[in-house]
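Please read it beside the sequence and the coordinates.

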Amino acid sequence: MEEIGAKAGRLSRRINHWIEAFCVFLLVVLVLDVWTGILARHVIPLPLTFTEELARYLMIWMALLAVSSGIVYREHIGVEYVFRRLPSGMRRWVALLFDLISLAFFFLLLWYGIDFVERGFKRVTMIYGMPKAYPFIGVPLAAAVACVQLVLVGVRDFCSAQPPDSTGSNTLTTGTMVESD
């Protein structure tokens, strides 16, 4: 049982590594885009109108995808307050309950996000003139990654020898999160 949890933890960390790297890439592009917009508006008088719209979509994609990293590290301020006050035997089950509630939420976001994307093909962006479905696809994509991470983290924590001590950043120091690949 512990081996299944360890494998789920390793897979979760691998997925998270790629998501975090992609978020860093999006952040770099976002910063460059914003600086280009500032330069075009105030220094070099160029009619670059795309920078604001691109910045908006990059920020949304980055924020939505970063949610899955928060899931991997179990970062949730409100849950931590309740979780630390529970007896250790209950924590495994409560963590599973939190994961199931979150999984239901992100599955609904995925389900309705797909419909959102389909309707986005009927609308176009103001500046690019492309279908809004392409920027909107970040919603179901991020929800799908969050669902996968919730399942992997739930299996990791439920199958570990010790119940989680924390839902937050302390999981990095308890040994639950840190394992060699």
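1. Burial of S68. S68 is buried, as its relative accessible area is 1% (buried means under 20% relative accessible area, exposed over 50%, partly exposed in between, with a 1.4 Å probe and protein chains only). The residue sits in helix α2, residues 50-72 (helices are DSSP runs of H or I of at least four residues, strands are runs of E of at least two, and both are numbered from the N terminus). Leaving aside residues up to four places away in sequence, S68 touches N16, I19, V145, A146 and Q149 (contact means heavy atoms within 4.5 Å). The C-alpha atoms of S68 and A144 are 9.3 Å apart, although 76 residues separate the two in sequence.

2. Basis of the model. This is a predicted model, in which local features need pLDDT of at least 70 and side-chain atom pairs count only at pLDDT 80 or more, while totals for chains, interfaces and linings use all residues. Residues are numbered from 1 along each chain as its sequence is written, and side-chain values use heavy atoms, with hydrogens and water left out.

3. Confidence. The average pLDDT of the protein is 84, and 88% of the residues score at least 70 (pLDDT is the predictor's confidence in each residue, from 0 to 100). For residues 169-181 the pLDDT is below 50, and this stretch has 25 contacts in the model beyond near neighbours in sequence.

4. Overall architecture. The protein has six helices and zero strands. Of its 181 residues, 40% are buried. Among contacts between residues at least 6 apart in sequence, 76% join residues at least 24 apart.

5. V153. This residue belongs to helix α6, residues 138-159, and V153 counts as buried because its relative accessibility is 0%. V153 touches S12, I71, V72, R74 and D99, again without residues up to four places away in sequence. V153 and I71 are 82 residues apart along the chain, and their C-alpha atoms are separated by 7.6 Å.

6. Aromatic pairs. The structure holds six aromatic pairs (rings of Phe, Tyr and Trp, the last by its six-membered ring, pair if their centres lie within 6.5 Å; planes under 30 degrees apart count as stacked, over 60 as edge-to-face and the rest as tilted). One of them is the edge-to-face pair of W93 and F158, at 5.0 Å centre to centre and 80° between the planes. Because W93 lies in helix α4 (residues 88-120) and F158 in helix α6, the pair ties together parts that are 65 residues apart in sequence. W93 is exposed at a relative accessible area of 54%, whereas F158 is partly exposed at 23%.
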